[in-house]
Amino acid sequence: MIIKIIRFFFQPHVFGLSIALFCMASLSAALMAQYGYDLKPCILCMYQRYPFALNAVLGLIIYKLAKKNHPRGASLMLVMAGIVFLANSALAFYHVGVEQLWWESVLEACTFDPSKLRDAMYEPPVPCNQIPWQDPILGMSMAGWNVVVCGIAGICTMICARYGKVIVT
């Protein structure tokens, strides 16, 4: 039974649609946290949203290619989506390092310069080393969860690209 579920899920058209839905849900959760719960994102948080938007589009392309029986195109797009997930995991790891003060960010927007207070009067920048929300059980920030989730998603996407079979229905 479990093997049948895994085989079904790792079909490129199902996996592509899953990528698109997962990325859209992740973006919706980020926007809900920002606007619904007033959690102000820093610039690194904003940068971590772009790969989700890209993978939402790639997921739909994968779905379409797999349904039209273009296995090579679907596999190529799966590899690209996997790379995007892994790159986002690396960016999130960098963000965790900034949050935990393991290193300073090289991005100018992550630091607040009081001399530019007038420019930031309406929308002050959020420092990247402040954690707006932490998991109460594991103590991980949203960036920390992004490291884990995108890392797993990237590995699963690469596995699907390698071993997934296009099934024409």
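Asp135 is buried (under 20% relative accessible area, where over 50% is exposed and in between is partly exposed, with a 1.4 Å probe and protein chains only), yet Asp135 has no salt bridge, and Arg49, the nearest side chain of opposite charge, is 18 Å away. A salt bridge here is a side-chain nitrogen of Lys or Arg within 4 Å of a carboxyl oxygen of Asp or Glu, and Lys and Arg count as positive while Asp and Glu count as negative, with His and the chain ends not counted. This is a predicted model, in which local features need pLDDT of at least 70 and side-chain atom pairs count only at pLDDT 80 or more, whereas totals for chains, interfaces and linings use all residues. Residues are numbered from 1 along each chain as its sequence is written, and side-chain values use heavy atoms, with hydrogens and water left out.

**Surroundings of Asp135**
- Asp135 lies in the loop between helix 5 (71-99) and helix 6 (142-163), where helices (H or I, at least four residues) and strands (E, at least two) are DSSP runs numbered from the N terminus.
- Leaving aside residues up to four places away in sequence, Asp135 touches Met140 and Trp145, a contact being heavy atoms within 4.5 Å.

**Overall build**
- The protein has six helices and zero strands, and its elements run α-α-α-α-α-α from the N terminus on.
- Of the 169 residues of the protein, 33% count as buried.
- Among contacts with a separation of 6 or more, 74% are accounted for by residues 24 or more positions apart.

**Nonpolar core**
- A nonpolar core is a set of buried Ala, Val, Leu, Ile, Met, Phe, Trp, Tyr and Cys residues joined through side-chain atoms within 4.5 Å, and the largest one has 16 residues, with Ile19, Cys23, Ile62, Leu78 and Phe85 having the most contacts inside it.
- Helix 2 (12-36), helix 4 (49-67), helix 5 and helix 6 each supply at least two residues of this core, and helix 5 gives the most, with five residues.
- Phe85 touches residues including Ile19, Cys23, Phe52 and Cys150, not counting residues up to four places away in sequence.

**Cysteines**
- With a disulfide taken as a pair of cysteine sulfur atoms within 2.5 Å, the count comes to zero.
- Cys150 is in no disulfide, and the nearest cysteine sulfur, that of Cys23, is 7.5 Å away; Cys150 counts as buried because its relative accessibility is 0%.
- Cys156 is likewise in no disulfide, the nearest cysteine sulfur, that of Cys160, being 9.2 Å away; Cys156 has 27% relative accessibility and therefore counts as partly exposed.
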